[in-house]
Amino acid sequence: MKHKTLLTTLTLAFAGIAVAAAPAVDKTRVEAVLKQVQEMAPPEAGAPPADLRATIEKRLAADDLLKAEALKLGLDKKPEVRAQWQNLESGFYAEQYAKHLEAAAAVSDEELRAAYAEQTRAVKLQQVGFPSEAEALQAQQLLLKGLSFEELMKRHPNPAQEQLSGFVALAQLPPEFAAAAATMQRGQISHKPVAFQGSYYLLKIAATEQAENAPPFEELKDQIAALLKQRKAQEQIATLLKANGLEP
């Protein structure tokens, strides 16, 4: 069980260390670790061990004891140690900031339903493949000059097109195709060639519909909300980085 594995890890962390005389650990710290352990455990793990709280408290006490000994030796004054600590501290707060943005992000019902429609969409995809990106770009220029996509398909027949003759859920497409198709509407052609398995493809969405056997909205609602919150947090972070000369 997951709880048992975590308990073993915690026990080994302070095995052989005398902590009986160590100062009491702040209960807030114990609760923070307990919450983290419980979040990591899968639902089937069941109730945590009865002595888990005591185990966590002993581990933290052992850490405090070893920290005190390290400070006595002046390890915190060593440049390489300070650098490692500063890196860990920065990474920790960066992660906490990202979590804060996710928790604070607001997602409307309209956004949820739009994202649901997108995630459960099936497309009838047309494709034309080329051995190089340069050739794909040349073909794209022909499309811009008025050549129809269907005529381009006749000029460059692709046996793999038969596999996409019907509606295909985005989740069933190769990730490269799915990523491109997710932002396209019916009748739209990909803005740039899509690289896939050594070739370059131009794509067109011939038709769209909701995928068969798609899970109901209520079943996916929480999952979609979490993804949208994460996306909004990432967008805020990207904007902040760009404003400070740090391109994402």
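This is a predicted model: local features need pLDDT of at least 70, side-chain atom pairs count only at pLDDT 80 or more; totals for chains, interfaces and linings use all residues.
Residues are numbered from 1 along each chain as its sequence is written, and side-chain values use heavy atoms, without hydrogens and water.

Helices (DSSP runs of H or I, at least four residues) and strands (runs of E, at least two) are numbered from the N terminus. Helix H2 comprises the 14 residues 27-40. At 1.5 Å a residue (times one less than the number of residues), H2 should span 20 Å, and the end C-alpha atoms are 20 Å apart, which agrees. Val30, Val33, Leu34 and Val37 of H2 are buried (under 20% relative accessible area, with a 1.4 Å probe and protein chains only). These residues lie on the same side of H2, because they cover an arc of only 100° around the axis, taken from the directions from the helix axis to the C-beta atoms. Thr28, Lys35 and Glu39, on the face turned away from the buried side, are exposed (over 50%). At the N-terminal end, Asp26 caps H2, with a side-chain oxygen 2.8 Å from the backbone nitrogen of Thr28.

Four strands form an open sheet in the order S2-S1-S4-S3, with antiparallel pairing (at least two DSSP bridges between two strands). S2 (168-169) and S3 (194-196) are the edge strands, each pairing on one side only. S1 (residues 121-130) and S4 (residues 199-210) are joined by ten bridges in the antiparallel sense; Arg121 stands opposite Gln210 in S4.

Key:
A polar contact is a pair of N or O atoms within 3.5 Å; within protein, one must be able to donate a hydrogen and the other to accept it, and residues adjacent in sequence count only if both atoms are side-chain atoms.
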